[in-house]
Each structure stands twice: as C-alpha cells, then as structure tokens.
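Subject: Structure for your review

Dear colleague,

My notes on it follow the display.

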Amino acid sequence: MDVKFGEAAVFPSQAEARELARALVGVGAGLGLRVAAALTAMDNPLGRSVGHTLEVEEALLCMDGEGPPDLRDLVTKLGELTSVRCRARGPLPLHLSSDLPAGGALLWLSGQVETQAEGAARVAATLDHGSARGRFERMLAMQGVDPGLARALCSGTPAQRHQLLPGARKQEELLAPADGTVEQVRALPLARVLHELGAGRNRAGESLRPGVGAELLVSVGQRLRRGTPWLRVHLDAPALSDPQRCALQGALVLSDRAPFAAPSPFAELILPPTHTQQ
C-alpha cells in the first residue's frame, strides 16, 4: 500500500499517515495477508510531468531506463506492482507513473530476494534492459487498448509516442520571478489549476482533457536565475487566466540557500508483524 502524506495528500503529516498505514497493515494481517505500507511524500509532484498524456509518456520513459530520479527511486523501492495488478486483472491506475514495474519491498516480502536492496537492484536492471515495457504492453491490452497502439507505445521512440497520444492545443511557459534555489514546487496549487483546465473532474461521467497538464522544467534543490522558464503548461484554453497564472507562480517556493540534493519521496515502510526491515 502506498500511503501519501503532505500538502496535496489527505493527511498533511507523516504521523497521521502512519496511523492509517498501521491500520491497513493490521487489517491485512487479520485477513491472513502479508501487507506492507509505504509512506511517501506528496508535497512536490512526483517526477516532472502532471496530466494524463504527459504521465503516460513519463512512465514509458522510466521503462526505457530513463526518467526523473525521484520517480525511478520510488518505483524501485515500492514493489512489483504491475505484475501483481496484471495477475489480478485490476483496473488501470489513474496515475500510471506510480504503477510502473517495481520490486524492492514486495519482492523481499514475497521471498523472492533476501533484502529490499537486492529487490530494488533487480527492478533497476529490469527497467534498464527494457523488459518492463513488454509487461506494460500486455497490461494495456488487458485493459482494452488496441493491441497495435499498445505495441507502438511500448516500442516507439519518445517522439513517436508523443504523436500517438492526445495533446493539448497550446503551451505556455512561466518564468522564475527571482533568483533563488528551488525549495519546493507545491503540488496542491498545481493540481487545482490543472483541474480547472480540464485535467480532472468533479464527478463520474464528466469529460476529461487528457492532453492538459504541466511539465516541471526545474528540480527541487536547483539554483534558478530570474526569468528562467520553470513550468510549461499544456492547455486547451486560449491562455491561462491571471488568477491561474498567479496561483501557479505561488507554487514555486525559492530560498537563498545553496543548491542541494532533493530527498527521496519514500519516507518509511510499515511492515507486517512477522517481518523485520532489512
């Protein structure tokens, strides 16, 4: 189980999320299931892309052995999620980036490796040699995607994939308002504006605009100069409104400190009673 905490999650604090995680692990144990719960931060967006098409492209990039470091780090630590979902014939997740083939924790819990580190290394190798794309292609076909499209998405170049997926009509870049180090990119204002632009819906049956989204052009910990593009918004509207532009600029939090390495979003693993962390 992936239990989120932070500004854009149900639980703002790690302590509150830990309570839910322990309850979920306990319920699983009561049902005779080996359940572990990862606590992962949701203050910043995961990866560099937000929005349906952009996240699919980023997920495939990660399965090419590339992609943003924070996404790859979380994928390799969480567990063999795609294999589990494919066998269970579960629904295709809304956020594909967090459902890539992974292995550290679950491979260890299932006894396929001796340690979590060994599981993470095995998953990293799977991503690097490209076999994860074959699994994802079968997953797409099981969810009703045309087999030819699934094959093209999983075998094409990033540029070819881009042509196969629905895109937005326009793009607009936002510039850094001052010099500084990126302390945070607040996920919640970003999500709210993209929701307004059509990337989300309020109730079942409402239409979605799959091409709407945003690309982060900077990383947490990076030093920026005033006027540097930091966000590219993909939209179907003629332009962002002034309130939307203001809200997005408010998502960029700058500081005066020196550049730093961004922390991993993976914060903690709550294990079932019979396991000790390795």
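In which helix does Glu-57 lie? Glu-57 lies in helix H2. Please bear in mind throughout that this is a predicted model.

Helix H2

Helix H2 covers residues 52-63. With 12 residues at 1.5 Å a residue, H2 should span 16 Å, and its end C-alpha atoms are 17 Å apart, which agrees. Of these 12 residues, 10 are buried, so the helix is largely enclosed by the rest of the structure. The buried residues include Thr-53, Leu-54, Val-56, Ala-59, Leu-60, Cys-62 and Met-63. The acidic residues Glu-55, Glu-57 and Glu-58 are buried as well. H2 is followed by Gly-65, which has a positive phi, near 90 degrees.

Glu-57 deserves a separate remark. Although buried, Glu-57 has no salt bridge. The nearest side chain of opposite charge belongs to Arg-161, and it is 8.0 Å away. Leaving aside residues up to four places away in sequence, Glu-57 touches Arg-161, His-162 and Leu-165.

Salt bridges

In one of them, the side chains of Arg-161 and Asp-64 meet at 2.8 Å, N to O. Arg-161 belongs to helix H9 (residues 158-164), while Asp-64 sits in the loop between H2 and helix H3 (69-78), so this pair ties together parts that are 97 residues apart in sequence. Arg-161 is buried, because its relative accessible area is 3%, and the cut-off for that class is under 20%.

Another joins the side chains of Arg-245 and Glu-172, at 2.9 Å from N to O. Because Arg-245 lies in helix H11 (residues 242-249) and Glu-172 in strand S4 (residues 170-175), the pair ties together parts that are 73 residues apart in sequence.

The remaining example is the salt bridge between the side chains of Glu-183 and Arg-257, at 2.7 Å, N to O. This pair links distant parts of the chain, 74 residues apart: Glu-183 is in strand S5 (residues 180-185), and Arg-257 is in the loop between strand S9 (252-255) and strand S10 (266-270). Glu-183 counts as partly exposed at 28% relative accessibility. Arg-257 also counts as partly exposed, at 42%.

Salt bridges that share partners also join Asp-64, Arg-133 and Arg-161 into one network.

The sheet containing S5

In what order do the strands of this sheet run? The sheet is open and has 3 strands, in the order S7-S5-S9, with antiparallel pairing. Strand S7 (223-224) and S9 are the edge strands, each pairing on one side only. Between S5 and S9 the antiparallel pairing extends over 4 bridges. Thr-181 stands opposite Ser-255 in S9.

With kind regards

Technical notes: Residues numbered from 1 in each chain as written. Predicted model: local features only at pLDDT ≥ 70, side-chain atom pairs only at ≥ 80, totals over all residues. Heavy atoms only, no water. Helix = DSSP H or I, 4+ residues; strand = E, 2+ residues; numbered from the N terminus. Expected span 1.5 Å × (residues − 1). Buried < 20%, exposed > 50% of the residue type's maximum accessible area, 1.4 Å probe, protein only. Salt bridge = Lys/Arg side-chain N within 4 Å of Asp/Glu carboxyl O. Lys, Arg positive; Asp, Glu negative; His and termini not counted. Contact = heavy atoms within 4.5 Å. Pairing = 2+ DSSP bridges.
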